[in-house]
Amino acid sequence: MTRVWRLDDGQQTLVLAAKADLLPQCMYWGRSLPRGEDLTALAAAHGLDVTGGMLDENPDLSLCPEASHSFPGQPGMILRDALGRGVLPRFRFEAEDSDGNNLRLRYRDADLGLGLAFRFQTDAQTHVITCDTALTSDQPVHLDWLAAPVLPGPQLSDEVMDVSGRWCGEFQVNRTPWSAGIRLRESRTGRSGHEHFPGLLIPARGTTNTSGETYAFHYGWSGGHRMLAEELQDGRRQIQFGHAVQTETAPGTAFHTAPLYITYSAAGLNGCAVAFQRHVRDRIVQMPKPDRPRPVHYNCWEAVYFDHKLPVLQEIAERAAKLGAERFVLDDGWFGQRDDDRRSLADWTVDPRKYPDGLMPLIDHVQALGMTFGIWFEPEMINPDSETFRAHPEWVLGPEGQILGRQQMVLNMALPEVQGYLYDRIAAILSAYPIDYIKWDHNRLLPAPDAAQTRGSYALLDRLRADFPLVEIESCASGGGRIDFGILQRTQRVWLSDSNDALERLRIQHDAALFLPGLVTGSHVGPRHCHTSGRVLDISIRAWVAAQRYMGFEMDPRELTEHEADVLTKVTTWWKANRDWMRRADILRLDSADPAVIAEQQIAEDGARFVVFAGKAATSAQILPRPLRLTGLDPAARYAVQLLNRDTAPGLSRGSPALKMDPLHLSGASLMQMGVNLPWHFPETMWVLEGTRLETAI
Ligand code: DGJ
């Protein structure tokens with residue numbers, strides 16, 4: 001007897017099947033199958049031959065591959081009993097529940113007193129399937145590893161794409177060819193991490209941004225994950241995601257993985273990127289005031305660092321407001337005796353030396369300028385040089401004598417007294433002042449990964465959000481060190497990178513768009529002379545790169561020349577005029593024929609308008625720009641396309657390409673198949689094209 005289950009969302013079908021009472025395997029995942037497909041026949045057709053050098057039967061690549069079943073690859077679970085002895089469960093079917101969008105399958109090993117449950121949830125709007133695995137035990141057990149539902153890797157695929165990074169260099173996409181053995185990524189730093197963003201894309205052979213099949217995965221957990229893409233000797237491939245190994249540090253009777261978000265698309269990498277972008281926007285992030293336009297930020301970090309002086313901040317606020325800022329964020333340096341990064345973390349009271357009358361004089365000033373006020377915290381951290389550490393050295397996570405990071409240690413967030421203390425301190429500031437935004441930082445790695453720490457941080461965030469529901473929160477961890485769908489369930493913006501270098505940011509945000517929508521992706525106009533790269537960049541590229549995402553400023557506005565202030569004001573005005581449709585736009589990465597050009601198209605939900613950003617990050621190998629093909633348009637519709645900033649064409653652009661003169665009126669088919677010819681431009685510049693769908697079709 002074969003048990004079969006089928007999940008559909010209009011774009012993809014996922015079929016599970018199990019021999020009798022054994023754990024189910026994913027038999028099919030891909031383009032939607034016909035409604036009447038015979039799933040038992042499909043499961044039979046999925047069966048593989050056996051030849052020499054193999055067991056007499058192929059052990060199932062089930063949703064939790066079992067070592068007890070002679071599975072030849074990595075098992076889906078590694079478990080020890082209370083005495084530390086390995087346990088090898090053999091699960092058997094117990095029950096199933098399903099309604100339209102949800103499927104829940106329960107299995108049990110009665111001899112060992114263990115239960116295993118898999119959940120799947122489909123979403124016909126976003127086309128992201130959410131799934132997880134839960135384990136229960138009658139007796140306390142040690143869990144070393146538990147994978148979220150294990151899925152097969154596609155066979156017609158030559159490589160996997162995963163994401164690494166570093167401080168000021170987040171979201172670097174690696175392409176690794178499939179080969180025998182394991183591609184293993186594990187974030188053991190206790191954060192989702194710069195180094196190992198928890199995402200994976202598997203393109204089928206020949207896939208580009210705009211065409212071909214892609215399978216995509218994201219593990220929604222902020223405490224560090226493990227991902228493996230394994231090719232077995234028999235050629236089968238498996239994908240596993242779970243918490244980093246041994247992050248459950250205590251024996252327990254109930255464990256569950258974080259949600260694994262998966263999606264398949266036949267529309268290139270963009271198909272999966274759009275599914276994730278929409279899912280984050282519509283299902284994950286909860287905006288306190290969903291209809292409020294996203295306010296332009298001013299953040300004072302790179303302007304003043306720890307040197308807070310009220311009159312200076314007031315002058316900066318005035319200039320920022322004049323440029324178009326709508327929210328002023330007071331960064332690190334306002335509390336304790338925080339004159340540098342060596343002291344005072346965890347002493348969350350306003351520094352009376354810098355703010356003798358509290359924060360109100362600054363907030364009043366900011367509000368009189370029409371801006372709201374946000375503030376920086378780094379709640380999970382403590383400096384040894386702090387009042388809090390002197391009173392509570394026992395609150396620190398990890399051993400004595402541990403290596404410090406940025407002169408700081410981590411608070412043990414699993415302790416109720418630590419959570420209570422932080423809640424009280426943060427709530428006191430939020431209650432005393434009209435604050436609508438927290439930048440929530442996390443600048444040190446954990447001494448060792450620990451799931452209880454992440455649960456503690458989530459609990460604190462959840463409690464604060466429940467009591468201060470109108471306060472938005474930004475997730476920052478030395479830039480983009482804590483970005484994942486778990487933290488995004490509790491926050492509304494991510495600080496993508498500490499790099500305000502527009503060229504680097506252009507690349508980082510292009511790759512981050514594989515997973516993140518624009519409305520949560522913070523991007524600031526930095527100083528002319530970039531503090532983290534040393535590059536000097538023109539205001540135009542700095543402003544347009546920030547305008548691609550959730551815009552803000554972070555330079556000292558007093559440094560701006562009249563020309564720079566003028567350009568920035570104009571770009572900010574453009575962003576404000578477009579932010580409402582852009583917040584719900586899909587970001588489509590374009591297949592740029594010129595590797596020097598990083599280009600994307602943001603298209604409105606109704607397809608009626610779009611904007612193309614074509615950033616020339618370097619000098620091209622050839623003289624003239626190569627045509628840039630657009631995407632996602634209706635081939636039969638007509639569009640008007642105009643080069644918004646054509647007046648910035650330099651003297652060396654001596655010809656008259658059509659776009660330099662007038663708007664183009666062309667079909668979607670021409671724009672997508674022939675592409676557009678942009679005027680010549682210097683490197684480190686951005687062309688911005690606006691498109692509108694015309695009423696009259698071709
Ligand atoms: C690291 C963050 O990424 C920066 O933006 C800034 O907030 C500093 N911390 C403050 O210490």
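**Entry 1: α10 and α11**

I began with a helix pair and found that α10 passes α11 in a left-handed crossing. I note at once that this is a predicted model. I looked up the extents next: α10 covers residues 502-512, and α11 covers residues 539-547. I read an angle of about 25° for their packing, with the axes 9 Å apart. Angles under 35 degrees count as roughly parallel, so I wrote down α10 and α11 as roughly parallel to each other.

I then asked which residues meet. From α10 I listed Ala502, Arg505, Leu506 and Gln509. Their partners in α11 are Ile541, Arg542 and Val545. I sorted this contact by class: four residues are nonpolar, one is polar and two are charged.

**Entry 2: α7 and α8**

I turned to another helix pair. Helix α7 spans residues 416-432, and helix α8 spans residues 451-467. I found that their axes come within 10 Å and cross at roughly 30°. I noted the hand of this crossing as right-handed.

I went through the contact residues here too. On the α7 side I have Gln419, Gly420, Leu422, Tyr423, Ile426, Ala427 and Leu430. They meet Gly456, Ala459, Leu460, Arg463, Leu464 and Asp467 in α8. By class, I count eight nonpolar, three polar and two charged residues in the contact of α7 with α8.

**Entry 3: the buried face of α5**

I checked α5, residues 360-368, for burial. Leu362, Ile363 and Val366 are buried in this helix. I looked down the axis of α5: the buried residues fall within an arc of 95°, so they line one face of the helix.

What do the buried residues of α5 pack against? I found α4 (310-323), β21 (327-330) and β22 (372-377). Glycine 370 follows α5, and its phi is positive, near 90°.

**Entry 4: alanine 250**

Alanine 250 sits in the loop between β17 (237-243) and β18 (252-256). I read its relative accessible area as 43%. Buried needs under 20% and exposed over 50%, so I logged alanine 250 as partly exposed.

I set aside the neighbours within four places in sequence and looked for contacts. Alanine 250 is in contact with Val141 and Phe255. I also checked the spacing to alanine 275, which is 25 residues away along the chain. The C-alpha atoms of alanine 250 and alanine 275 are separated by 37 Å.

Notes: Residues numbered from 1 in each chain as written. Predicted model: local features only at pLDDT ≥ 70, side-chain atom pairs only at ≥ 80, totals over all residues. Heavy atoms only, no water. Axes fitted to C-alpha atoms, helices over the stretch in contact; angles between N-to-C directions. Helix = DSSP H or I, 4+ residues; strand = E, 2+ residues; numbered from the N terminus. Parallel < 35°, antiparallel > 145°, perpendicular 65-115°, else oblique. Left-handed = near helix turned anticlockwise from the far one by under 90°. Contact = heavy atoms within 4.5 Å. Nonpolar A, V, L, I, M, F, W, Y, C, P; charged D, E, K, R; others polar. Buried < 20%, exposed > 50% of the residue type's maximum accessible area, 1.4 Å probe, protein only. Arc of directions from axis to C-beta.
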